[in-house]
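Dear colleague,

I am passing on the structure that we spoke about, and below it you will find my notes. Please keep it open while you read.

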Amino acid sequence: MTHRNVRAVSRRRALALGGVTLGMAALLAGCTRTVDGTGAAERWSATKVAGLEITTGESGPRPGVPDTRLTAEGSDGGELDRLARNAVDDLQKYWGEQLPAAFDRGFDPVSRLISYDSTGPAVTVCNSSTAGAVNAFYCSLDDSVAWDRGQLLPTLDDSFGPMAVVAVLAHELGHAVQFRLGSAGGQTSSIVKEQQADCYAGNFFRWVAEGNSPHFRLSTGPGLNQILATLFFIRDGVETGFDAEGAHGNAFDRVSAFQFGFGDGPERCARIDEAEVRRRITQPASGQASPAGETAGNLPVDDRDSLLALQETLRAAFDRPGAQWPAISRSGGPCPGATATTPASYCPATNTVGLDLGELGRLGTAPEQGEGGLGDFAAFAEVASRYALARQQAEGYPLTGLATAQRTACMTGVWAATIVVGRGAVLQLSPGDLDEAVAEMLAPRSLIAADANGAGIPSGFARVEAFRDGFTAGAIVPCLEKYR
């Protein structure tokens, strides 16, 4: 994002807002070797995600189910290899059903499964050494799927649970699907291949969530949140352009592709092409220059100039003829008849957005500083969400309830769309900013997707989808019409 000094505009001084830090992208730099869409149209429901009921049950391997008979070369016979083999078995069952139904093509199981230890003695897989190869990948040379049981799988399992391992392998089997469909030729860019593979993974997890998987189960609340958190973890770093070789996408774009697949069938994923990706991708190209006058850094969100700049963008995004702009109070204060939220709150009685500058500053710190922050954009987006409530009040909408929470997320996405680079806003998005919003909405508590009292839907999937609705539409009316 860009901050132009509102007290000295003539100098055009700007600061680039820093994005979230790299998770594990470097460990998964290459997982293959060699339209806008939001899912099926349906009425929004506070109790559903992509048409499925929001559930909070168990996620992970089904207890008491016999293991697959598939074998993996090089396996140590351990628990993680067993998990990976069961995942591949269910994935091949799914694609054995879906490829004929969707494309009138048969699905032949992959020829080889390979387990290796990146920390152990090196072996050659897909013409490359496994030494230090913290990765999982599909190799078209011998139609194999390989994974690192030494570091990658333990890290995923420890950080996000066993379904994170399944998620990575679902992505790799997506590449096998591409190979069978002949859609991953040499002229296809890395980002298109990876977006399709994330989408195909979404197809599979829809099938799991519907209860069809022999070995696994998935709740559409916390369970699905963990899958999206995995995608966030293995996103590209902010220094990677979408046009780079091996680019997989930032968290926002990876989650979007997964959601397309979860909401629609495999045909939707196969339609992802260069034109669509270039139209909707939010990850910048390699070496894309920052606007003149910018310097890199995480903006101090509790700074007076920063808040004045934010207020200017909010007024531009949420302006309504005849409506009174809400005041922004740097000290907050009591509000009759309303529950205070932090670090920002909206008081309908006084039409005031109150701020807890201490908490706002903590949230706005860069993650690498170790203070529990998510970054400047996440903090600004929480303030924007409270400002969006003022616009809803002006329109006569209720300020409490799950529809309000989703409407607020959608409208916050609209605000984000008004500050993309090139729009001339006093604040502008920089690489990694939208990923901060994803991280905030996948957390147990999200203010971006909350009503005036801080309540919201327990599904991170639904929260991110609402935000993306607004970001894609770039207008408030669709948010008001959908989330009633």
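This is a predicted model: local features need pLDDT of at least 70, side-chain atom pairs count only at pLDDT 80 or more; totals for chains, interfaces and linings use all residues.

Residues are numbered from 1 along each chain as its sequence is written, and side-chain values use heavy atoms, with hydrogens and water left out.

Ser 385 sits in helix H11, which covers residues 376–395; helices (H or I, at least four residues) and strands (E, at least two) are DSSP runs, numbered from the N terminus. Ser 385 has a relative accessible area of 0% and is therefore buried, a word that stands for under 20% relative accessible area with a 1.4 Å probe and protein chains only. A polar atom of its side chain lies 2.6 Å from the backbone oxygen of Glu 382, and the side chain of Ser 385 also reaches the backbone oxygen of Leu 447 at 3.1 Å. Leaving aside residues up to four places away in sequence, Ser 385 touches Thr 408, Thr 412, Leu 447 and Ile 448, where contact means heavy atoms within 4.5 Å.

Turning to the sheet, three strands form an open sheet with mixed pairing, in the order S14-S16-S15; two strands pair if DSSP finds at least two bridges between them. Strand S14 (327–329) and strand S15 (344–347) stand at the edges, and because each has a single partner strand, one side of each is left without a neighbour in the sheet.

Best wishes

Terms used. Buried means under 20% relative accessible area, exposed over 50%, partly exposed in between (1.4 Å probe, protein chains only). A polar contact is a pair of N or O atoms within 3.5 Å; within protein, one must be able to donate a hydrogen and the other to accept it, and residues adjacent in sequence count only if both atoms are side-chain atoms.
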